[in-house]
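Student: Could you take me through one part of this structure up close? I would like to see how its pieces pack.

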Amino acid sequence: MFSGKTIVITGSARGIGKVTAKNFLSKNGTVVVSDVDPILLEKTIEELKSQKVGKVFGQLCDVKEKGQIKELADFAFKETGSLDIWINNAGIIKDDLLLRMSEEKWDQVFDVNLKGAFLGTQAAAKYMIKKEWGRIINIGSVSGFYGNGGQSNYSSAKAGLMALTKSSARELASRNVTVNCVASGFIANDFAPNLPEEVKEGILKTIPLKIGRNPEESISSAIHFFASDEADWITGATLRVDGGMMIGF
């Protein structure tokens with residue numbers, strides 16, 4: 001399905017990014033995984049190569065650094081001869097109550113979650129507009145819809161990401177480059193805050209659909225849809241994958 005396509009995924013040494021990389025490889029894609037953690041990145045590359053399908057490349061990248069983002073895009077094109085799909089997945093959380101939120105925590109979250117996606121979109125678009133084809137997919141959060149308490153920085157950045165999706169989609173549409181967003185629901189993985197079990201259970205009770213499979217797989221499926229030819233007339237959209245958590249928003 002993705003044979004001949006090069007897919008770059010930021011922050012893909014774990015979580016949604018890693019699951020998505022595995023699934024693109026299973027469909028014969030060429031995947032460039034990237035992360036800021038060199039040890040975890042190397043471990044993930046070895047694991048992905050053990051699948052013995054598709055092609056895997058790896059590159060260290062701190063998405064808030066413009067030079068490193070450019071190097072990632074250049075590396076992908078140089079090693080594979082193409083750059084077709086770019087997934088802005090890298091993200092961090094630095095939670096605190098509004099009155100205790102430091103400027104440092106605010107800036108750190110915006111630099112990675114929003115500025116990183118902006119820089120990634122810029123770097124990828126420069127290659128995509130030349131060939132007049134491309135898919136850029138941003139990984140958002142339902143927190144960007146409803147503004148989660150204790151996450152004024154994270155919620156604001158994710159809301160901004162949806163606006164970035166729409167603006168860049170308008171600008172790039174004439175060159176046949178689509179830009180869409182997948183808004184993730186609550187996932188109790190190692191990226192989630194260190195919440196007490198009773199708090200996690202309380203959040204899960206607000207989700208109408210019972211979790212059948214790993215939620216990360218469902219999110220990955222949405223990413224694959226936006227990257228596919230079936231989504232060639234969809235751009236500027238945000239798709240919630242949250243088990244119904246945000247019904248009515």
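Student: Are H1 and H8 parallel, perpendicular or oblique to each other, and why?

Tutor: Happy to look with you. This is a predicted model, in which local features need pLDDT of at least 70 and side-chain atom pairs count only at pLDDT 80 or more, while totals for chains, interfaces and linings use all residues. Residues are numbered from 1 along each chain as its sequence is written, and side-chain values use heavy atoms, leaving out hydrogens and water.

The axes of helix H1 (residues 15-26) and helix H8 (residues 215-227) cross at roughly 55° and come within 9 Å. Axes here are lines fitted to C-alpha atoms, for helices over the stretch in contact, and angles run from 0 to 180 degrees between N-to-C directions. Helices (H or I, at least four residues) and strands (E, at least two) are DSSP runs, numbered from the N terminus. H1 and H8 are therefore oblique to each other: angles under 35 degrees count as roughly parallel, over 145 as roughly antiparallel, 65 to 115 as roughly perpendicular and the rest as oblique.

Now for the residues that meet. With contact meaning heavy atoms within 4.5 Å, H1 brings Gly-15, Ile-16, Val-19, Thr-20, Asn-23 and Phe-24 against H8 residues including Glu-216, Ile-219, Ile-223 and Ala-227. The residues of this contact divide into six nonpolar, five polar and two charged (Ala, Val, Leu, Ile, Met, Phe, Trp, Tyr, Cys and Pro count as nonpolar, Asp, Glu, Lys and Arg as charged, and the others, Gly among them, as polar).

Elsewhere, seven strands form an open sheet with parallel pairing, in the order S3-S2-S1-S4-S5-S6-S7; two strands pair if DSSP finds at least two bridges between them. The twist averages 20° from one strand to the next. Helix H2 (residues 38-49) packs on the sheet, touching strand S2 (30-35) and S3, and its direction makes about 175° with that of S3.
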